[in-house]
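Good morning, and thank you for coming.

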Amino acid sequence: MLAFLGRRILIAIPTVFLISVFVFTLQHLLPGDPILVMAGEERDPEIIAALREKYRMNDPITVQYLAWAGNALQGDLGISLRTQQPVLELIAEKLPVTIQLAVMALIIAILIGIPAGVLSAYKKGTWIDWLANIIALSGLSVPNFWLGIMLILLVSVRLGWLPASGYLPLSEDPLQSIRVMVMPAFVLGTALAATLMRHTRSAMLSVLKSDYVRTARAKGLREGVVLVKHALRNALVPVVTVITLLFGELLAGAVLTEQIFTIPGFGKLVVDAVFNRDYAVVQGIVLCTGIAFIAMNILADAAYRVLNPRMSDQ
């Protein structure tokens, strides 16, 4: 397993390099000049020249990239042009918020989507199958922002069961933190559950037709054992890929959901950085997100081997 993970990490290194090159280059090709924004309305030429010198904007783009990449390898992603805070510090502040939201949303999605997919495949062609598909289609069709607003009006305003917005760190009050994050996590989780349900159903339908499932039934094994131990375990291989990709998307920031519930997460940081032309923050966020996606894919590859040890290392 260690050799397998080592090979995957070596393959990931060129990918991270390409991500860094693309994000640095494309960011600098966008129209606009953050230095002019920082200089204020007067735009004093001396101030502009000093800012360009301070942030090395006068250097060729290759020199700028090499300097940024060298610092990034040492854990320094630069300073925010807008807030003058270290980018790594900004990411460290916002990322735990989004990770908590993403984990809770994914748990809700797994608890709903996978059992619904298994049941839908097992009861194919029945009213249960049709109902599960209708619910899945509804989950994919209903916009997150609309569902979030409706839940706030019903659950928070009318019933008063849960807080309408805000964020409380998990370390301060775990129970209250979970209560605050339940609604936004449910909003995200329902859409993810619909996706997981459809993928699980498709995988289960394929596996239930296989020879080893028919053999297990011929041996007289209970149907629950056949479904869980023999069918579901093999059907989870493609589903794991979907779960890792969905988790990576959540880490990139659930912008609309975070805005509706006033959650100070990764999504809001990304939007603010893009609108403010904050090069360092955008580059740092995209680089960290890219690394997170790669890490999730490596974990997915490792999970394949756990679920099915006969799978090839290739």
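Let me begin with a definition: helices (H or I, at least four residues) and strands (E, at least two) are DSSP runs, numbered from the N terminus. By that rule the chain contains 13 helices and zero strands. Please bear in mind that this is a predicted model, in which local features need pLDDT of at least 70 and side-chain atom pairs count only at pLDDT 80 or more, while totals for chains, interfaces and linings use all residues. Residues are numbered from 1 along each chain as its sequence is written, and side-chain values use heavy atoms, with hydrogens and water left out.

First, the overall layout. The C-alpha trace spans about 85 × 55 × 35 Å along its principal axes. Two domains are assigned, domain 1 covering 33–76 and domain 2 covering 93–268; these bounds come from an automatic or database domain assignment. Their C-alpha centres are 43 Å apart.

A contact here means heavy atoms within 4.5 Å. Among contacts between residues at least 6 apart in sequence, 72% join residues at least 24 apart.

Next, the surface. Accessible areas come from the Shrake-Rupley method with a 1.4 Å probe, and for residues only the protein chains shown count as cover. The accessible surface of the chain is about 17,200 Å², and carbon and sulfur atoms account for 68% of that. Buried means under 20% relative accessible area, exposed over 50%, and partly exposed in between. Of the 314 residues, 41% count as buried.

On this surface there is a nonpolar patch formed by Val142, Phe145, Trp146, Ile149, Met150, Leu153, Val157 and Leu256, with about 720 Å² of accessible area together. Nonpolar side chains (Val, Leu, Ile, Met, Phe, Trp, Tyr) are joined within 5 Å.

Which helix gives the most to the nonpolar patch? It is helix α7, residues 144–158, with six residues. Trp146 lies in this helix, and Trp146 is partly exposed because its relative accessible area is 45%.

Ser156 is also found in helix α7. Is Ser156 buried or exposed? Ser156 counts as buried, because its relative accessibility is 12%. The Ser156 side chain reaches the backbone oxygen of Pro163 at 3.5 Å. Leaving aside residues up to four places away in sequence, Ser156 touches Leu151, Leu162, Pro163, Ala164 and Met183.

Note on methods
Patch = residues over 30% accessible without salt bridge, like charges linked within 9 Å, V, L, I, M, F, W, Y side chains within 5 Å. Salt bridge = Lys/Arg side-chain N within 4 Å of Asp/Glu carboxyl O. Buried < 20%, exposed > 50% of the residue type's maximum accessible area, 1.4 Å probe, protein only. Polar contact = N/O pair within 3.5 Å; in protein donor to acceptor, adjacent residues only side chain to side chain.
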